[in-house]
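Trainee: Could you show me how to read burial and strand pairing? I would like to start with a single residue.

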Amino acid sequence: MALNATVALSGEDRHKCTFAMPARATNLNKHGAAVQLNRELRVGSAVVVRNQRGTLVSARVVAQLAAPQGIPTYAIEFVEQDDKAKNFWGITFPSNT
């Protein structure tokens, strides 16, 4: 089952311009997600992700993925794996055993 959510993303784009805008997070997992937004980002750059409950977590852009419908999509991973990040999506993920 593919899980997705609306989030807000902020940081610096590929042209070093600061931005804060809504994004679509897909393929949610306990370490991050894929995010779709109309902005070009640099792999390795830092972003801040805000969920619909207002929780903020720092994340890193780890890859540029395919762009469905021409919308840039990036894999992000949470920088810290603390309780805030673990509960960020409001979902309990199965443990890897």
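Trainee: Is Ala 20 buried or exposed?

Mentor: Keep in mind that this is a predicted model. Exposed means over 50% relative accessible area. Ala 20 has 68%, so Ala 20 is exposed.

Trainee: Where is Ala 20 found?

Mentor: Ala 20 lies in strand E2.

Trainee: Which residues does Ala 20 touch?

Mentor: Leave out residues up to four places away in sequence. Ala 20 then touches Leu 9 and Ser 10.

Trainee: How many residues does the largest nonpolar core have?

Mentor: That core has 22 residues. Leu 9, Leu 37, Val 47, Val 49 and Trp 89 have the most contacts inside it. Strands E1, E2, E3, E4, E5 and E6 each supply at least two of its residues. E2 gives the most, with four.

Trainee: What is Val 47 in contact with?

Mentor: Skip its neighbours within four places in sequence. Its contacts include Leu 9, Phe 19, Val 57, Val 61 and Ile 76.

Trainee: Why is E6 described as largely enclosed?

Mentor: Buried means under 20% relative accessible area. Five of the six residues of E6 are buried, so the rest of the structure largely encloses this strand.

Trainee: Which way do E3 and E6 run?

Mentor: They run antiparallel, joined by five bridges. Ala 34 stands opposite Ala 75 in E6. E5 and E6 also run antiparallel, with six bridges. There, Val 61 stands opposite Ile 76 in E6.

Methods. Residues numbered from 1 in each chain as written. Predicted model: local features only at pLDDT ≥ 70, side-chain atom pairs only at ≥ 80, totals over all residues. Heavy atoms only, no water. Core = buried A, V, L, I, M, F, W, Y, C linked by side-chain atoms within 4.5 Å. Buried < 20%, exposed > 50% of the residue type's maximum accessible area, 1.4 Å probe, protein only. Contact = heavy atoms within 4.5 Å. Pairing = 2+ DSSP bridges.
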